[in-house]
Structure formats: C-alpha cells, structure tokens
Amino acid sequence: MALTTFFVILLESIIQYPQMVSEELDEATVERMVQRHIYLSHLMAQILQELEQRRLEQSRLEQTTQEKSGEAWGSLLSAALQYQPLWAIAGLLVLLVGLWWCFRRWSHQADNHNDDRSSGYRTEEEEEEEEEDDDENDVGRFIEEHIQLPVQDITRDCRRALSLVHTFILLFGELNAHSFYPVLQKEIGVGSTFEGWSLSTEDTVFRILVPMMPPRGHTFQLEIRTAKSTEARTCRIRVELLCTCLRPGQMLCFLHHPAEELRRNQEPSLLYTLCTDSYLDVQKTARWFQQMLTAAWVILPLSAKCHLKLLPSNRSCRFQVTRDDEPMLSIEMIFGVQRGTSDIFVSSENTAACFTPSTMWSETYAVAEVKLFKHIATKAPHDSFHLRCLQVFAYIHVGSGFSIYTFKTAVMHLLTTIPLSGWRRKHFLQRLRGIMSYLRCCLEEKRLNHFFFANENVPEEILLPSSFQNLVPPNLFYRLAKDPDTLPEVLRDFSELQDRLRRFLIFGN
C-alpha cells in the first residue's frame, strides 16, 4: 500500500511541473520543491524499511547487495530533487522504473523462496548438479555435440534377442526331455551390446551365453589349466557318471545296468553323444545346438513370416533372423559351465591361441563384466560418460593393432579407483586423456593386469572364486613382456592412436 501511494505521489510531482522549461526558478517554486523533497524523503525511508523486512528472507549476500541498491536509489532521489527541475523530472522517471523493477524482482525471489520452503529444500548434490549442468564452459557438452558416433538405442533389440533365445531354450528342453543332453539354464546377454557401449552398425551381433548343467546321472568336473606367459586361462570339462540305483523308475543306472539293457531301453549317455575321451567336446556341442535350433525354429509362429539363416561356426551357434531378405537380428549363442556359484564361466569362446583343441574351453569373465557395468550404472551420476569413453575407443581403435578389450580393461580399473563423480560429462576430455596416459604407463611397464585377479577394488556384488585373490593376475601385455624389443614400435603405434583420437575430437569423425 505504501509503495502504491509513493508511485501516485511521484506521478503527481511529474504532472505538476510541465510548465517549467526555464532554467531560472522563483522563490515559491524552490520552497515548494524543498518541502516536496522533505516529504518524499520521509516516505522513501518508510518504503525502504518495508522492503528491508522482505529482504531478510534472502541470503546474507543478497541482503548486503540489496541494501546497497536501496542506498543508491535514495541517493538518486536526493540528487534528482536537488538539481534543476528538468533533471528532477528525468530522475523521478528513472527512479519510478527502477523501483518497479526491484519490486518485481524481490517479490519473485520471495515467492520462489516460499515455494522452496513448502516443497522441501533441495539437497546440496541436486543444486550442485544443476549448477554444473548449466555450466557454459562444459567441454563435454561441446564434444558430445561435435563428435559423430554411430550410436543408437538398441535396448529393444536386446530384449528381442533375449526373448527369442529364451524361447529356444524352452523348446530345447521339451525336445530333449527324455534324453541325456546338457540341461540349459536361463540365458545371459554379454558383450558390449548388453553393457551399453556398442556402436550401431549393420553387423551388430547380440552375444548370449547359455549356461549348461549336467543331465541326470552325470556330473561336470572342471580342470582349470593356465598356460605360461599367456593371459588366457583354459579348462577341460570332464564328464563323469553317477550311480542312480537309488532312484528306481526314473532312469536306469549307467554304471550298474547291463549295456544291452541300456541300449534297448534308454537314450545314450552324454559320454557317447557330445564327449571325446570323457571330456565335453565344444564342436560336438555346437553342432548339437545348431541341429536343435533348426528343429525348434519350425515350431515357432515366427517362422511363418521370417527366415532362419545359420552362419558357419564350429564353437558357437550363430544365426540371423531375416525378413524379406533383410536381417532383423544377428545372434551368437555361446555356451558354458559356471564355476561353482560365481560369475565366472568356462565357455565355448575362441581363445587367443592359433589352434584350440575341441575339448578345450576358455575361462570367460563376460558375465562378471556385464554385472560390473550394471552395478556402475546404479551408482554413477545421471550424466556419466564412462560408456561414451568406451564408444570413442571402439570407434578409433579399428586397424590400430590394439584390442578393444585392452581399453575396456583400463576403463574398468579406472572406474573402480577414480570416484564416479569424476566421470561426468564435463570430465569427458579429462577421462579420455587419463585412460590414454594409464595405458601408456602400462605399455612402458609391459604389463596390464587382468581386472578380476588380485584386485581389491572389485565390487562385492561381483562373485568371484576365492582363489582369484591369491593368484598372480594374468598379463594382457604378455607378448610385449616376452619380446621387449618390440616396445619402441608399439609405442609408435600408440602415438598414432593418440593422434587419431585428437583428430577425432577436433573434426568429429
């Protein structure tokens, strides 16, 4: 109310002096201006006192700033009234607009303050994230908009691939209900597509691990082998028979029933179908998967409008689902056996060796890696760029001589040593440099430790065999350690890769 009255008086003051165009003032005019000045000064003091009460709700810094602003406007008022009438009119106009603007601003801030109090204060982390999101100097934002990566959301395709493989597993179980083939367990998506950092290309392959359990009357014994000077750990799966005499009516005992009776009345043992010298054979298992896939496909309603195309592979089951000769999904089913209750499996994946015997299975950490990235996703900030770092390296490493698994291992090491708050978008460039510096140090030392061995930084959620903490970590740079004379050449290749990264960040492709 007081502020409104003041505005009315100001307008009256302006209207009262339209005739004053001369620079000379009579005594009556001067006296009237002095009285008006005294009256407005008192009224201004009252208004400033009222506004001061509103400002008490603001922070100390804002309070100090606004007090100075109030004093400045008071000085402007006094100056305007002491100088010549023409300037007084201009000063009063400026003062009117300024006070109106301040009133709107203070009222808006007070309303926001009350809204915040009624809805609950935001946490410091939320305020910090909001400030950082609005940072104009966000280098990560610029790089994200500048670079061009073939990336798109493939979550839907991941679900479709898992659903299709799950259907196949159910059909396999029905088709083999009375036989003694491995019992298939729930499918697990592995690799970059399910970890969230794959690049979208026409030949994207969805890799799915299918765990196997021994059939009735059988058991699997894992014989882990570690070759010298190599990062690969391999295994053989020995198949042994169990006595089932105490379970009459369910099956004949392979150990204690006559061979002729077993041949007439029961399906053959796993030892006679998928094994070589009592060891589970990878290639025989792959052929069995492929045969079962073909048999199960014709049962599916999907086969009426789509086609199944098997792709050549002797250690997995690779196939495409096509429609009108256009590929819809490319899937690779790998199969493995779990090590106890851990997240480590022995699988049908190829090893780094030039020749891998058909009874040799490789130890895989793919399930543990997927689980690690899912765990990181639950803890990382919403704008974490750790996956984008991997996408960049997946893009630039092609043809460089460096495996993408090398970069992935480095990122996993750094993710568990650098706080996740340091992987946000604004840290993008810093993290890329850090990864390259980390790998260069590893090259110079000729050693890059495997992530899951003797590493206390592995999250508790990742289940590892107890022996892993006491083992010497496999060296992913074992070839370099074996032949140190190649180090200068490797470092030159790495420098070229660094240049490629710089060009990519500058030109965006």
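Colleague: What does Phe 451 touch, leaving out residues up to four places away in sequence?
Modeller: Phe 451 touches Leu 372, Thr 409, Met 412, His 413, Thr 416 and Val 458, where contact means heavy atoms within 4.5 Å. Bear in mind that this is a predicted model, where local features need pLDDT of at least 70, side-chain atom pairs count only at pLDDT 80 or more, and totals for chains, interfaces and linings use all residues. Residues are numbered from 1 along each chain as its sequence is written, and side-chain values use heavy atoms, with hydrogens and water left out.

Colleague: Is Phe 451 buried or exposed?
Modeller: Phe 451 is buried, at a relative accessible area of 1%. Buried means under 20% relative accessible area, exposed means over 50%, and partly exposed is in between (1.4 Å probe, protein chains only).

Colleague: And where is the place of Phe 451?
Modeller: Phe 451 is in the loop between H14 and helix H15 (478-482). Helices here are DSSP runs of H or I with at least four residues, strands are E runs of at least two, and both are numbered from the N terminus.

Colleague: Switching to H14, at what angle do H12 and H14 pack?
Modeller: H12 (residues 386-396) and H14 (residues 428-445) pack at about 55°, with axes 10 Å apart. That makes H12 oblique to H14: under 35 degrees is roughly parallel, over 145 roughly antiparallel, 65 to 115 roughly perpendicular, and the rest oblique.

Colleague: Which residues make that contact?
Modeller: H12 brings Arg 388, Cys 389, Val 392 and Phe 393, while H14 brings Phe 428, Arg 431, Leu 432, Ile 435 and Met 436. By class, seven are nonpolar, none polar and two charged.

Colleague: What about H7 and H10, at what angle do they pack?
Modeller: H7 (residues 155-175) and H10 (residues 282-297) pack at about 95°, their axes 10 Å apart, and are therefore roughly perpendicular to each other. The H7 side of the contact is Phe 168, Leu 171, Phe 172 and Leu 175; the H10 side is Phe 289, Met 292, Leu 293, Ala 295, Ala 296 and Trp 297.

Colleague: Zooming out, how many helices and strands does the protein have?
Modeller: There are 16 helices and 12 strands. Buried residues make up 45% of the 509 residues.

Key:
Axes fitted to C-alpha atoms, helices over the stretch in contact; angles between N-to-C directions. Nonpolar A, V, L, I, M, F, W, Y, C, P; charged D, E, K, R; others polar.
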